[in-house]
Amino acid sequence: MNIKQAATIDEVILLLDEIIETSKLEQSAIGLFTMLYREVTVKIKEGIQNGAFQDGERMERLDVVFANRYLKAYYQYKAKEKASECWEFSFQQAESFWPIVLQHLLLGINAHVNLDLGIASAEVSTVENIQDLESDFNQINIILSNLVEHVEKCLIKIWPTLTIILKLTGKIDNFFIDFSMKTARDGAWKFANEFVSTPENQRDACTQVRDKRITEIARLVSNPGYFVSAVFKFIRLFERGDVAQKIIDLKIIEEKKVDCAVIV
């Protein structure tokens, strides 16, 4: 399979659209994160056009390098080639029945932010100027965080009784705190600063170490303990629609902020 790569932010969106359509045809949960990520990319494009970033040209370069890491991992997986370990795990979970929508999103975010964003940020920077990127780096994460927060609120809205039970045990707070966007953002920025100063001949080894660490987080997202896992399985049994419908519903939710009862 040809590993497609983008040269512009518009090409990123087109390639993400292709993956989304393929995912709907194949009933693949890979399309859930891809849909969320497409909306993030569209908002970044709008931000560049509206002057929301300090350096719009650099932001487009970052967006393309960032997206190409996801695209490469996806096409490697589809070709049965070895992708990053954390992406491999995420894609494998997409073939499983049990993960709920929120888990699929968190698995994608974990791999893309905790691994890919730090590497991409380092690749468009130097040791001397990476600090200039921090403000725009944070803007990407704010966009993603706002979209994920809306989906989390859907979960709480549809399952208020279960959420109360989880809060009483302290389990839900721990789950969302452990995998919060702030934690991911701070870790990714720290890693970007470490990676940019890593010599070229040591970067592959550095990436592998980071990849293994992020895969461990993915395993926790997939299996967050007996009690939370049991509740999530209960939620999963009552999720509405097939995967293709969930992808469509997620697009409606993120684009129009409509009632989220259809998705979780």
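Predicted model: local features only at pLDDT ≥ 70, side-chain atom pairs only at ≥ 80, totals over all residues.
Some ground rules. Local features need pLDDT of at least 70, side-chain atom pairs count only at pLDDT 80 or more, and totals for chains, interfaces and linings use all residues. Residues are numbered from 1 along each chain as its sequence is written, and side-chain values use heavy atoms, with hydrogens and water left out.

Start at the N-terminal end. Helices here are DSSP runs of H or I, at least four residues, numbered from the N terminus. H1 spans residues 9-26. Its axis and that of H2 come within 9 Å and cross at roughly 160°. Axes are lines fitted to C-alpha atoms over the stretch in contact, and angles run from 0 to 180 degrees between N-to-C directions. That makes H1 roughly antiparallel to H2; the cut-off is over 145 degrees. The crossing of H1 and H2 is left-handed, meaning the near helix is turned anticlockwise from the far one by less than a right angle.

Who touches whom? Contact means heavy atoms within 4.5 Å. On H1, the residues include Ile 9, Val 12, Ile 13 and Leu 16. On H2, they include Ile 30, Thr 34, Tyr 37 and Thr 41. By class, the H1 and H2 contact has 12 nonpolar, four polar and four charged residues. Ala, Val, Leu, Ile, Met, Phe, Trp, Tyr, Cys and Pro count as nonpolar, Asp, Glu, Lys and Arg as charged, and the others, Gly among them, as polar.

Next, H2 with H3. H2 is residues 30-49 and H3 is residues 56-78. They pack at about 165°, axes 10 Å apart. So H2 and H3 are roughly antiparallel too. Their crossing is left-handed. Ile 30, Phe 33 and Tyr 37 are among the H2 residues in this contact, and Met 59, Phe 66 and Tyr 70 among those of H3. The tally is 11 nonpolar, three polar and two charged.

Now H3 with H5. The angle is about 135°, with the axes 9 Å apart. H3 passes H5 in a right-handed crossing, so clockwise in the sense I gave. Phe 66, Arg 69 and Tyr 70 of H3 take part, among others, and H5 brings residues including His 112, Leu 115 and Ile 119. Nine are nonpolar, two polar and three charged.

Which residues sit closest to its centre? Of 18 lining residues, they are Arg 69, Lys 72, Ser 84, Asp 204 and Thr 207. H3, H5 (101-123) and H10 (203-222) each supply at least two lining residues. H10 gives the most, with five. The lining divides into five nonpolar, four polar and nine charged residues. On definitions: on a 1 Å grid over the protein atoms alone, a pocket is an open set of points where a 1.4 Å probe fits, with protein on both sides within 12 Å along at least five of seven lines, and lining residues have an atom within 4 Å of a point.

Technical notes. Parallel < 35°, antiparallel > 145°, perpendicular 65-115°, else oblique.
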